[in-house]
Structure formats: structure tokens, C-alpha cells
Amino acid sequence: MKIILLGMLLYVTTCSGLSISKINSEMDRLENEIDTNIFLYMTATGRWLPSTIYKYADFKTSLNVMATEGVAGKKFYIGEDVTNGHIYGLVNIAAFLAQSMKETIKYDACDENSWDAVGGKYPLSNACGQLGQSYQDYHCSEAEKHMECPVDPNMSITAVTHAKWYGAPAPLFCEPKTDEQPHSGFWDNSYQCNKGWANPPETCDVYEGQKAGKFDQSRPYASNTGRTDVEGCCWWGRGVIQTTGVCNFGKLNYYLGARAAKEGRYSKYWSVDFCRDPEQICSSSEYKELKWISGMFYWMESVQSYDRGGWRYTVELARFVESGMQGTSFIDAVSGIVNRGCHNPPCGTGAVDGGHERSQNFKKVLDTMFAGRPPDVSSPMSSSNFQSPTKPSSPSKPTPSSLSPANQTQTHLSLIVTAVALSMLIISGD
């Protein structure tokens, strides 16, 4: 038995993929540049400043968890264990960061902002879903339905981050209906609340730094979804790519959180119940990486595994890297997947929001990673930083160092056979 395990270990150590240490080494040298030039948010006056929420240290912690431990057999892709294989991983990271910069980092927000106005007002029921969506109805498939969070009408949660422009709506919140407050109203962003001259004086005190606006609960005010309450509406977007809905939070809890621990499975965050308190993604001081963990989980589930209509993410990533990282078609397709659910929008929900900005973010991250000179992985180069893989002399005889993420499987299977055969040979000679 020990000899069999040794043989299988040959396969495991050969095919374990790129070591996280290589990516850490490449990314660590960019830490200051990332924190001061990539993770930026725009102030109300139009200035760009380093984010107060998103930091490289937390990103790195998250990456090390998701690239080595992963979730449900899936891991955040960091490249291949071949010459220059880490470049594929860096480009995957760049694509992820490009979307994150647009989705949340530029707003210095972890929680979803209330932004979907109706008649010039901001319905408080935006917490239930914006743009006609209902987050508590984002159910899992039948095969995964057992993972989703139950909707508890008695939950009361208030977001910890929100927009900061003049008169910006207060943080989203959910709470049960009561006899005293059977409906939800709206946020009036035009109301002038700083009235020191009034009798009695009036101040803006709903949130820190408030300059204008107030709650108006005098009458029901429907969102674009038609909701006039916030009961059970605790599933708004959180984290760097806005994890949303009872299915996604339920999966986090099932694989990484309190439910996994309760049911006897390994749990990285056993004390975090993503169903009872999804706000811990944004509020936890113990696990600051959770805002990144949730986004990487989405990336692994919905982007890295994307394969529709002849467009497969892993294939297109390899093609982009091996063709010199030219053009925007790759990142435009990725932006479509993240923002609209398909690689070729419009697809039901409309055109991509901020497509050009996302592609510019991608270019900015790539330029930071590769000093504005994408490494050539299709032919040998003299750069001391990156060595390109050796291409096979014959297409029928690929060497391991020539394989991209799109064609690794056959080699992995061969290594399995080799490992098992070695084990059997050792056994027969024992």
C-alpha cells in the first residue's frame, strides 16, 4: 500500500499546478503600486485616492486561500506548472481586478449602493433588488437548492458602506414589517438637512459625513421591482464583485462557513454564518479577506468555468496570452459575463455597463504587471523576468513546457497512467 501511495504521489507532485509562491513573488513586488495606483476610489470632488477598504494584504490572503484550498474542488486559477506558466495566472488576476475596480473599488464600497432612482427618489426597498431584480428569489438550481439560505423575515441588518456623494442615499437595510411601520418609503436626496439657523437647528445625522438628504417613511414608495417593504431583503450585493442572493450566500456558508462546520465538513471560516449575517463579508475585522473571498468564489463559479456558445474562458485566456495580449475582445467578453451574464451582450439584460472603463482597467493592471511590455510566450525571448515556453517542433509531439491551459488534460492523464504503472512495477519487483 505504501508503494502504491508513493506512485500516486509522483502524479500529485507533478500535476499540482503552479506553486502559489511564484505568483506571490510576482505580486509582492507590486504591492505599493497596487495599493497606491490600482486600488483607487473617486471622491465626490473627482479626485482619485487609495481605497480605505481594499488593500493588497487582504487580497493576497484571499488569493492564497482560494488558489491552494479552493471551494468544492474549484480553485482560483494562477497558471500552469510550465515555463512561463505563471503568466496565464497573472492575466487571470488582471481580468479579475479589472472588474473589481469597476464594480466596487472605484466607489470605495463593500456593500451595494442604493442607486436605482424612481421619480427622482431612492426607494428604501432597493435593498430587495435594483433594476427590476429580486435578490431573495435568486435561487440555486434543483441540484444545489439544498445549499441556499432560507429567507428569514425577522432579520435586521444595515450595510456598513454606502455612496458618499452630496445627498447620497443612506446604507441599505432590511427589517421586518411592524404595525408602526408596515411599509418602506424613500430617501430624499434633495432635502437640505444642515440648517444651523433654523429653530430648532437641524443637522444631517443619518450617517457620518452626510451633507444632505433624509428618510421619508410617510407613505409606501415602490422600487422598480414593485416592493414597498424591506422584510427579508438582506441579500444585496457585498464584496469586491458584489455577491448577491440567497443561492450565492448559501454556497459560501455550505462550503466555507458555519454550515460546513455544523455538518462536519472542513470549514475555513467556521465562525462565520453567511446566512444569518451575510454582512460579515463587509464588517468582519477578523477576516478582512472575506470581501475578496466572496468575489473570487464568484469568479471560480461563473467566469473560470464559463463555456457557452463556442466561447470558453480557459481557451480564450490562453489565446489572449499566446497572441501577445492584443486587443480588447477578450476582456470585453469577460466584462459581458460579469455584468450581463454572457460573453456577447446585449443578452436579455442589455449592454455592458462601463465596458470601456473595464477594458482600460485591464490594460492598466497588465501594464503594471509587465511594465507595459507583455512577455512573448510564443517564442524565446531575452527578458530575465519572463522566459517563454518552448514550442513543440511537431504538433503531434507536444512537450509539457509547450502546453497552455487549453490542452493540459491529455498530459495529466498520461502522468496518471505513468504513476500507476510505476507503482505496479515496484510492487511486482518487491
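This report describes the fold, ring contacts and selected helices of a predicted model.

## Overall composition

The protein chain contains 13 helices and 9 strands. Of its 430 residues, 50% count as buried. Among contacts in the protein chain with a separation of 6 or more, 67% are accounted for by residues 24 or more positions apart.

## Aromatic pairs

The structure holds 24 aromatic pairs. One of them joins F96 and W299 in an edge-to-face arrangement, with 5.5 Å from centre to centre and 80 degrees between the planes. This pair links distant parts of the chain, since F96 belongs to helix α5 (residues 86-103) and W299 to helix α9 (residues 290-303), 203 residues apart. F96 counts as buried because its relative accessibility is 0%, under the 20% limit. W299 also has 0% relative accessibility and therefore counts as buried.

A further pair is formed by F186 and Y221, whose rings are tilted, with 50 degrees between the planes and 4.8 Å from centre to centre. F186 lies in strand β6 (residues 186-188), while Y221 lies in the loop between β7 (214-216) and α6 (245-255), so the pair ties together parts that are 35 residues apart in sequence. F186 is buried, at 4% relative accessibility. Y221 is buried as well, with a relative accessible area of 12%.

## Charges over rings

## The packing of α5 and α9

Helices α5 and α9, which carry F96 and W299, pack at an angle of about 115 degrees. Their axes are 11 Å apart, and α5 passes α9 in a right-handed crossing.

The residues that meet at this packing can be named on each side. Helix α5 contributes N92, A95, F96, L97, Q99 and S100, and helix α9 contributes W292, G295, M296 and W299. In general, an α-helix has 3.6 residues a turn, so residues three or four places apart point the same way.

How many residues of helix α10 are buried? In this helix (residues 313-322), 7 of the 10 residues are buried, so α10 is largely enclosed by the rest of the structure. The buried residues are Y313, V315, E316, L317, A318, F320 and V321. The elements that cover them include α5 and α9, together with β9 (311-312), α11 (329-340) and α12 (355-370). Just after α10, G324 takes a positive phi of about 90 degrees.

E322 is also found in helix α10. With a relative accessible area of 24%, E322 counts as partly exposed, because this value is not under the 20% limit for buried residues. The side chain of E322 makes a polar contact of 2.5 Å with the side chain of Y88. E322 and I87 are 235 residues apart in sequence, yet their C-alpha atoms are 9.9 Å apart in space.

Is T244 buried or exposed? At 14% relative accessibility, T244 counts as buried. A polar atom of the T244 side chain lies 2.8 Å from the backbone oxygen of Q242.

Leaving aside neighbours within four places in sequence, T244 is in contact with Y135, Y138, W235, W236, G237 and F249. T244 and E112 are 132 residues apart in sequence, and their C-alpha atoms are 9.3 Å apart in space.

Note on methods: Residues are numbered from 1 along each chain as its sequence is written. This is a predicted model: local features need pLDDT of at least 70, side-chain atom pairs count only at pLDDT 80 or more; totals for chains, interfaces and linings use all residues. Side-chain values use heavy atoms; hydrogens and water are left out. Rings of Phe, Tyr and Trp (its six-membered ring) pair if their centres lie within 6.5 Å; planes under 30 degrees apart count as stacked, over 60 as edge-to-face and the rest as tilted. Helices (H or I, at least four residues) and strands (E, at least two) are DSSP runs, numbered from the N terminus. Buried means under 20% relative accessible area, exposed over 50%, partly exposed in between (1.4 Å probe, protein chains only). A polar contact is a pair of N or O atoms within 3.5 Å; within protein, one must be able to donate a hydrogen and the other to accept it, and residues adjacent in sequence count only if both atoms are side-chain atoms. Contact means heavy atoms within 4.5 Å. Axes are lines fitted to C-alpha atoms, for helices over the stretch in contact, and angles run from 0 to 180 degrees between N-to-C directions. A crossing is left-handed if the near helix is turned anticlockwise from the far one by less than a right angle, and right-handed if clockwise.
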